[in-house]
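Visitor: I have a structure to look at and some questions about parts of it. Could you take me through them?

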Amino acid sequence: MRLLKVATCNLNQWAMDFDCNLKHIKESITRAKEAGAVIRLGPELEITGYGCEDHFLELDTVNHAWECLKELLLGDWTDGILCSIGMPIIKGSERYNCQVLCFNRKIVMIRPKMWLANDGNYRELRWFTTWKQKDQLVEFLLPPEISEALSQTSVPFGYGYIQFLDTAVAAEICEELFTPIPPHTELALNGVEVFLNASGSHHQLRKLDLRLRAFIGATHTRGGVYMYSNHQGCDGGRLYYDGCCCVVVNGVVVAQGSQFSLKDVEVVVAQVDLDAVASLRGSISSFQEQASCKTRVSSVAVPYNICRPFNLKMLLSSPQKVMYHSPEEEIAFGPGCWLWDYLRRSGASGFLLPLSGGADSSSVAAIVGCMCQLVVKEIANGDEQVKADAIRIGNYTDGQFPTDSKEFAKRIFYTVYMGSENSSEATKMRAKVLADEIGSWHLDVCIDGVVSSLLSLFQTLTGKQPRYKVDGGSNVENLGLQNIQARIRMVLAFMLASLLPWVHNKRGFYLVLGSSNVDEALRGYLTKYDCSAADINPIGSISKQDLRTFLRWAANHLGYSSLAEIEAAPPTAELEPIRSNYSQLDEVDMGMTYEELSVYGRLRKIFRCGPVSMFKNLCYKWGARLTPSEVADKVKHFFKYYSINRHKMTVLTPSYHAESYSPEDNRFDLRQFLYNARWPYQFRKIDELVQELDGDKVAFKESGDHEKLGATEGVGGMGVVAAASGDPKAGL
C-alpha cells in the first residue's frame with residue numbers, strides 16, 4: 001500500500017483584501033498539517049480573490065500577490081507539505097492565471113492556466129492569456145525581491161507535473177476539466193495519480209450534480225485521486241461561490257465539504273491508497289495500450305517520498321453518499337449566506353425590505369429569516385468569527401450575543417408595508433403575520449398622502465387630472481398613476497433605511513433589499529426606479545416558479561407557516577383600484593404566464609433563439625394546443641415587450657446570480673438596450689412561415705402534459721431545444 005493523506009478546502013476570500021485572504025490561506029494550511037496531510041490544495045486565485053476583475057490589470061495586484069506568497073514561503077507553512085496556491089503572474093509581457101506549487105519553502109513549479117473561462121459570468125480572457133506551449137517547461141526568473149528572499153533564482157513554468165519518488169502530482173485548473181480534451185486524460189497516461197483542481201466556481205441552481213459528475217468521470221475509467229478546491233461566499237460581486245471541496249478516488253467520492261456555509265475556512269481531509277489507482281489502471285487493457293504510445297509531458301523531479309506504507313493506525317477514507325441540496329434549500333441557503341457576507345463586509349447595520357405581502361418580497365423576507373437562523377446556529381456551533389460579526393452588526397453589549405433568530409432579526413431587519421388606497425387588507429395582514437414570524441421590526445405606512453400631493457402638483461402644473469383605466473382613463477394615465485405609487489415606495493424605502501437607525505440610536509445604515517424576480521425582469525414587468533431599485537436583490541435571478549416552490553418549502557422547514565397562504569394567493573401588484581368586477585393580476589397585465597416566461601427566457605438566452613427560431617421551436621412544443629398563428633402571436637408579444645423594456649436591465653439592482661437565463665445587463669447578458677420593438681424583418685419571416693403552414697398543427701396527441709404551456713412535456717417529436725426549454729436544469 002502507498003498511503004497518502006491529502007487536504008482540500010473551501011475559503012471565503014474577498015477580492016483585493018490581501019490580509020483577509022492570507023489569513024485564511026494560513027489557517028487552511030495549519031489545519032491540513034495538523035491533520036497530517038502532505039498535499040494542501042487551495043482555490044483558484046486565492047491570494048487576490050477570484051473576483052478582482054479589472055484590478056487584475058493593475059501591477060499592484062500582482063505585486064501584492066508575490067508579497068503574500070513570499071510571507072508564506074519564508075515561514076514554516078510549506079514545510080513537509082506540497083501547497084498549491086493560486087495567484088496572477090506576469091511572465092514577460094503576458095499575464096497568466098497560475099497555480100504555484102510550493103514545497104519545503106521553495107517554489108517547485110508554476111502551472112499557468114491553459115484554457116480560460118470566458119462565457120456567462122466569466123471574462124478571464126479580458127485579464128489573462130492562455131498558456132500555449134504544451135510541449136515543454138520553460139525557465140521563469142523570479143522577481144528580484146522574491147529571488148533574494150528565497151535564495152532561488154528561477155523555477156520551471158508551464159504545463160507539466162511533479163514527479164515524487166513514490167507518485168506523480170499535477171494541476172488541472174477549473175475550466176480545463178470541462179474542455180473537450182481535458183489535461184487529466186493525457187496526464188493520467190503519463191503516470192500522474194493525483195490531480196489538483198483549483199476552482200472559482202459560482203453557485204447556480206441545480207448545477208452541483210454536473211460538477212461532481214465531472215470529477216467522478218475524470219477518474220472512473222482512468223483511475224486517479226481527484227482533489228477539488230473552491231471559493232465559498234460572496235467575494236464582492238453578484239456571484240456566490242458554493243464551495244463543495246471534495247476528494248474523489250477512482251470515480252468514488254470519499255470526502256466532501258459543505259456547499260453553503262458561513263465559515264471562512266473549511267478543510268476536508270482524506271486518506272487514500274494510491275495502489276488502488278495503479279491496480280485499476282493495470283486492469284484496463286485500453287488504458288495500457290494508450291499509455292504505451294502516449295505523448296510525453298514534461299515533469300519536475302522532487303526527490304522526496306510523500307506516501308506512507310501500510311499502517312493500521314492510518315485509516316482509509318471510505319466512499320460517501322454525495323450530499324445534494326434540493327432547489328428549495330439552495331434558494332434558502334445560497335442567497336442567505338450571500339446576504340450575510342454582504343452585510344458583514346459592507347459596514348451596514350442591517351437590511352430594510354419593502355414587504356408587500358406578495359410572493360416575491362415574502363421570499364426575500366424568508367431568506368433573511370433563514371440567514372438569521374444560520375447565524376444563530378453557527379454561533380451555537382462555536383464559530384467565533386460569526387459571533388464577532390453578529391455582535392458588531394447587532395450592537396450587542398455586556399458579553400451578550402445572538403441566541404434566538406427572531407431576536408437577532410429584530411435588531412438587524414426592518415420590514416415596511418407601504419399601503420395605498422389600492423392595497424387590500426389581506427396583503428396587509430399577510431405582511432404583518434410574516435414579519436411577526438420572522439421577528440423583523442415591522443412598520444405599516446400609508447402613502448396616499450404623498451401620492452395625493454404629487455397629483456395635486458401635477459394638476460396645478462398642467463390643469464389635467466389623470467384617471468385609472470377602470471374609471472375611464474387611458475392606458476397612459478393608468479400606467480402613470482401606477483408608476484407614481486411604485487416610485488414613491490422606492491424613495492421612502494431609501495429614506496427609512498438611512499434614517500431609521502438614527503431614530504433608534506443605532507450606528508450605521510441599512511441596505512435596501514429588492515424583490516423583483518428573473519421573469520419580471522425579462523418581461524420588463526417592473527417600474528424603473530421603483531422598489532426593484534435597491535442596494536442588492538437576493539432573488540433577482542430566480543424564476544417565479546422556483547420561488548413559489550421555495551415558499552411552500554419554507555412554510556414547513558423554516559417555520560414561517562404564513563408563507564403557504566402567500567404562495568396560494570394570485571400574484572398582483574395592487575397598483576390599480578379594486579372593483580367588484582375587476583382585480584389587477586400580474587399574468588393578465590403581462591399577457592403571458594410565468595411558466596411561459598421561463599420558456600421564453602431559456603429559448604432566448606440558453607438556446608440562443610431569435611424570434612424566428614423561437615417560433616419554430618414553440619410550434620413543436622405547443623403544437624398540440626395552439627395553431628402556428630397563435631404561437632406566432634405569443635412570440636411576437638414576448639419580443640415586443642422584452643425589447644421595449646430592455647433599457648430597464650441597464651439599471652437592474654445587483655442580484656444574486658442563480659439562473660442561466662438571467663437578463664442581467666451588466667455582467668451576464670450583454671445586448672443592446674435600444675431595439676426596434678416592431679422587429680419588422682423577423683416578424684415578417686414568422687408571418688411567412690405561418691402562411692406556409694396554413695394553420696397546420698404538429699402531429700402530437702393531446703395529453704395532460706400539454707395543458708400548461710410552460711410545462712416540460714414528455715412527448716416525443718419536438719426536438720432537444722423545444723423539449724429542454726421547459727427544463728429548469730437546461731443550460732447548466
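The questions and answers below concern a predicted model.

Visitor: Which elements give two or more residues to the negative patch?

Guide: The patch of negative charge lies on the surface and gathers E58, D60, E67, E145 and E148. Two or more of its residues come from each of the elements α2 (59–74) and α4 (144–150).

Visitor: Is E145 buried, partly exposed or exposed?

Guide: E145 is one of the residues of the negative patch, and its place is in helix α4. Buried means under 20% relative accessible area and exposed means over 50%, with partly exposed in between. The relative accessible area of E145 is 43%, so E145 is partly exposed.

Visitor: How many of the 20 residues of α9 are buried?

Guide: Helix α9 covers residues 327–346. From its first C-alpha to its last it reaches 28 Å, close to the 28 Å expected at 1.5 Å a residue. Helix α9 is largely enclosed by the rest of the structure, because its buried residues number 16 of the 20.

Visitor: Which residue follows α9?

Guide: The residue after α9 has a positive phi, near 85 degrees. That residue is G347.

Visitor: How many Å apart in space are M323 and G257, C-alpha to C-alpha?

Guide: M323 sits in the loop between β16 (299–301) and α9. Its relative accessibility is 44%, so M323 counts as partly exposed. In sequence, M323 and G257 are 66 residues apart. In space, C-alpha to C-alpha, the distance between M323 and G257 is 9.1 Å.

Note on methods. Residues numbered from 1 in each chain as written. Predicted model: local features only at pLDDT ≥ 70, side-chain atom pairs only at ≥ 80, totals over all residues. Heavy atoms only, no water. Patch = residues over 30% accessible without salt bridge, like charges linked within 9 Å, V, L, I, M, F, W, Y side chains within 5 Å. Areas by Shrake-Rupley, 256 points an atom, 1.4 Å probe, with all protein chains shown as cover. Salt bridge = Lys/Arg side-chain N within 4 Å of Asp/Glu carboxyl O. Lys, Arg positive; Asp, Glu negative; His and termini not counted. Charge placed at Lys NZ, Arg CZ, Asp CG, Glu CD. Helix = DSSP H or I, 4+ residues; strand = E, 2+ residues; numbered from the N terminus. Buried < 20%, exposed > 50% of the residue type's maximum accessible area, 1.4 Å probe, protein only. Expected span 1.5 Å × (residues − 1).
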